[in-house]
Amino acid sequence: MTFTEIADKHRAGERLSYDDGLALMLEPDVLKLGALANETREKLNGDRTYFNVNMRYEATNVCEASCSFCAFAKLEAHMPGARTVTHEEAWKALADFPDPKLTELHMVNGLHPGLPFEWYEELLRGWKRVRPNVHLKCFTGVEIHYFAEKFGMTHKEVLTRLKAAGLSSMPGGGAEIFHPEVRTRIAPDKATGEQYLAAHRAAHEIGMKTNVTMLYGHIETFEHRVDHLLKIRELQDETHGFQCFIPLAFHNENNSLHKLPEPTAIDDLRMISVSRLMLDNIPHIKAYWVSMGIDTAQIALRFGADDLDGTIVSETIYHSAGSTVPMGLTRDQLVRLIREAGRIPVERDTEYGIVEELPRASAPEASMKVRERNAERKSLRVLAGAAS
Amino acid sequence: MAMGRMLTGAIERASLMDVAERALTGKGLGVVDLARLGRADVLVVAGIADAVRAKHRGHEVLVLTAQAAELATDIVILDLDGDLAAGPTGQDVLVQIALARLATPCKQGIAVSCEQIGLELSQTALVFGADTLIGDFVSSKKTLPLLDGPQARKTELMGLIKRSGRTARFQDESPAEAATHSSAWTKEQP
């Protein structure tokens, strides 16, 4: 099928197939792809572009799993750089968080073999005592599956107990690539794709919303990516519990895949666009600025994305793998990025409730502002002055 | 016209068909047309700039050192972090590149400095009208890593350009040598 035929099919509201997804992945004209995805994004969300005031937290980087892309985990607690916080440290971090507008704590951990389940329950209960209004979005599907196996519970039992302790939703990390051809090579000793999805299904069944991700740009093929998207779409048809899909770009520092090149900005934009077009039942596509860089994340708001994630404040998983973006962005910086993309900034809570919708930029038009560096050629500089 | 149905439709909806037609002559647009484009959707502006670039400058991306770029007479080097209030955002930079392509007669290429805007934006600039990259590519990890060693860096840069659907030509290469690089987008898997 040609791009035009796929575009017509999509505009007619017909669901795109595996072959369509593959054709979109292979489409050479990324502007065309972006324009189609942008149509869908605007149909679903208009100019609204979401962000939140959140903090990232990692309570432990000790992890039994040996994922080849990971630069964050330490296999054992006594290894250099291994760290597990105390409850008091974790509670203080939230209590001391300076922004009174904080709405979300987002926690992802290693799979620590030595911590009892009650340790996690008490961690959540303490946070709720400190700041009861902050939404706790904690534990990936991989962590939930690990708890279920280690402590002899079902996914639903794990989640029900954590919910009782204060858990409100789950982040999307740990999805990597579901297909076993890839997963058994990059993440051989943690939850399979099916087990990850089963944990999310269980969350949805007890009324808990979750996000979902894909780690792309390493050893997987386009076929694996499309297969991953379709598995997400299938579960969403069943449960409607996913709020947001977040494509995560592979980073290559300090891990055993360091000889692989990272995905480029164009690859990132392509991934955002194809995700928007294939995941017709997922309300939001996030351009996670920590993963793809601030500039590309902003441009992605024209290629299908409608969410930039949040202030983050202190992220270590991507930074361990070579991310050079700042550790956090301020609320004002996020608002400016969105406004200058010609969109409407909307501060949201974790479940996409609107905290505040801000006005769009008053004068969104671009004008020629570039300077020509070549001193002997004046024409462009004259134009710049006249058009501004 | 070197524009697909989707872009043509978007240009028509924006009532910019006359501007696009003038742009495709490659003579460079005037201030009135540029002002109209400044109010248009980003992807429409990018699409017109990309179509103009493809028609008049082809698919080759010239890679120059800063020293060679200063001596070149057939490129316009853009200074993209100048006096914009509070610093330009990524989208702002890309729109400026597209408008520069549309303002400049096509006998001149549009060059951006990778050191100035980073490899990430430089690559994206290639679909917003740019056709020349300037940089020494020695230690330029701003957001994308370059492997160690000159040949490895060259290989990685060629890959970066190829992933944008274009073919690299380094300053010390003839067009014939550049043609030996795998040309443009080849449906290669990541």
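Which residues does A:Trp127 touch, when those up to four places away in sequence are not counted? In this predicted model, the contacts of A:Trp127 comprise A:Tyr57, A:Ala90, A:Trp91, A:Leu94, A:Leu105, A:Met107, A:Pro132, A:Leu136 and A:Cys138. A:Trp127 also belongs to the largest nonpolar core, a set of 178 residues in which A:Trp127, A:Leu105, A:Phe139, A:Leu162, B:Ile97 and B:Leu102 have the most contacts. Apart from this core lies another, made up of eight residues, including B:Leu62, B:Leu64, B:Ile77 and B:Ile134. In soluble globular proteins, nonpolar side chains tend to be buried together.

The cysteines were examined next. A search of the whole structure, over all chains, returns zero disulfides. A:Cys244 accordingly takes part in none, and the nearest cysteine sulfur, which belongs to A:Cys138, is 17 Å away. A:Cys244 has a relative accessibility of 0% and counts as buried, because the cut-off for that class is under 20%. B:Cys106, with a relative accessible area of 8%, is likewise buried, since this value also falls under 20%.

In chain B, strand β1, which spans residues 60-64, pairs with β5(B) in the parallel sense over four bridges, and within this pairing B:Val63 has B:Phe170 of β5(B) as its bridge partner. Strand β5 of chain B, formed by residues 167-170, is covered on both faces, with B:Thr167 and B:Arg169 buried on one side and B:Ala168 and B:Phe170 buried on the other. In a regular strand the side chains alternate between the two faces of the sheet.

Notes
Residues numbered from 1 in each chain as written. Chains lettered and ligands numbered in written order. Predicted model: local features only at pLDDT ≥ 70, side-chain atom pairs only at ≥ 80, totals over all residues. Heavy atoms only, no water. Core = buried A, V, L, I, M, F, W, Y, C linked by side-chain atoms within 4.5 Å. Buried < 20%, exposed > 50% of the residue type's maximum accessible area, 1.4 Å probe, protein only. Contact = heavy atoms within 4.5 Å. Disulfide = S-S within 2.5 Å. Helix = DSSP H or I, 4+ residues; strand = E, 2+ residues; numbered from the N terminus. Pairing = 2+ DSSP bridges.
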